[in-house]
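Here's a walk through the side-chain contacts of one chain, with the cut-offs spelled out along the way. Have a look at the model first.

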Amino acid sequence: MPIEAFVYGGMAAVTAELVSFPFDTSKIRLQVQGQVTDEALTGIKYRGTLHTIRLVSFEEGFSSLFNGVKFAALRQATYGTIRFGIFFSGKNWWNERGGSDKNLPFLMALGTVAGIIGSYITTPIDRMKVLSQSTAQTKNRTICNTFRKIYFHGGISGLYQGKWPNIKKSSSSQRSGDPLLCLCQRFPYNDTWNAGHNIDPCHICSDNISRWDCLLPTI
């Protein structure tokens, strides 16, 4: 099982998370507002992604958009490492035994398994990330403090609260995302697209296509 698949997968996932994290914070703020059980979140304060980013930056400082980024980096390093490692190691194992890397049912099943395992293992970290992003009061909370807070109030089950929606989302997205990425990357390898052996733009395009495709099953 090649270690590169795990290492590069984790690095790619962390980099993508850091770049897109303000938008993720905006999404969390929009989702948690308007509650009836938490007095701090009862009002409807934010209206759309850009309005949320602008208001959070103005009221709490730009750094508040990165509340919980340490949890996100840890989560993506773990989830990305597991997901990419399982999927591409499994695909290599399949190829070495004569299987075709165009076998879509096998790739979809492998992507689903990778998504389920990675999501289940990282659910406690994702729970801590969402808690840190939801309000400004959690800005300076450490990983250990957040873990203790959730465990004290909910025990082990509290750390895994919301695991089934997470697993469903991850399994649905990876069932289509990673297999489509592999299939898309098959097409650029011809004389027209691969002039000068510069295939990086083709990889970027195919990855973006696969990410948009894996978004649709999770809506």
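## A lysine–glutamate contact

E59 is partly exposed, at a relative accessible area of 43% (buried is under 20% relative accessible area, exposed over 50%, partly exposed in between, with a 1.4 Å probe and protein chains only). Its salt-bridge partner is K45, with the closest N and O atoms 2.7 Å apart (a salt bridge needs a side-chain nitrogen of Lys or Arg within 4 Å of a carboxyl oxygen of Asp or Glu). K45 sits in the loop between helix 1 and helix 2 while E59 belongs to helix 2, so the pair ties together parts that are 14 residues apart in sequence. K45 is partly exposed too, at 39% relative accessibility.

Some ground rules: this is a predicted model, where local features need pLDDT of at least 70 and side-chain atom pairs count only at pLDDT 80 or more, while totals for chains, interfaces and linings use all residues. Residues are numbered from 1 along each chain as its sequence is written, and side-chain values use heavy atoms, with hydrogens and water left out.

## The overall picture

Of the 219 residues in the chain, 42% are buried. Among contacts with a separation of 6 or more, 71% come from residues 24 or more positions apart (contact means heavy atoms within 4.5 Å). The accessible surface is about 12,500 Å², and carbon and sulfur atoms own 64% of that (areas come from the Shrake-Rupley method with a 1.4 Å probe; for residues, only the protein chains shown count as cover).

## More salt bridges

Searching the whole structure turns up six salt bridges. One of them joins the side chains of R29 and E60, at 3.0 Å from N to O. R29 is in helix 1 and E60 in helix 2, so this pair ties together parts that are 31 residues apart in sequence. Is R29 buried or exposed? At 2% relative accessibility, R29 counts as buried.

Then there's K27 with D24, whose side chains meet at 3.4 Å, N to O. These two are three residues apart in helix 1, about one helical turn. K27 is partly exposed at 35% relative accessibility, whereas D24 is buried at 16%. Shared partners join D24, K27 and K129 into one salt-bridge network.

## Aromatic pairs

A pair of aromatic rings is described by the distance of the centres and the angle of the planes. The rule here: rings of Phe, Tyr and Trp (its six-membered ring) pair if their centres lie within 6.5 Å, with planes under 30 degrees apart called stacked, over 60 edge-to-face and the rest tilted. That gives seven aromatic pairs. Why does F21–F66 count as stacked? The ring centres of F21 and F66 are 6.1 Å apart and the planes are at 20°, so the pair is stacked. F21 lies in helix 1 (residues 3-32) and F66 in the loop between helix 2 (49-60) and helix 3 (69-96), so the pair ties together parts that are 45 residues apart in sequence. F21 is buried, at a relative accessible area of 0%, while F66 is partly exposed at 29%.

F84 and F88 have ring centres 6.0 Å apart and planes at 10°, so they're stacked as well. Both lie in helix 3, four residues apart, about one turn of the helix. F84 is buried at 14% relative accessible area, and F88 is partly exposed at 21%. As for F21 and F66, ring pairs link them with F62 into a cluster.

## Charges over rings, and a nonpolar patch

R83 lies over the face of F84, at 4.2 Å from the ring centre (a charge sits over a ring if NZ of Lys or CZ of Arg is within 6 Å of the ring centre and within 35 degrees of the ring normal). R75 lies over the face of Y79, at 4.4 Å from the ring centre.

Out on the surface, I3, V7, Y8 and M11 form a nonpolar patch with about 440 Å² of accessible area together. Patches take residues with over 30% relative accessible area and no salt bridge, joining like charges within 9 Å and nonpolar side chains (Val, Leu, Ile, Met, Phe, Trp, Tyr) within 5 Å. Y8 has its place in helix 1 and is exposed, at 56% relative accessible area.
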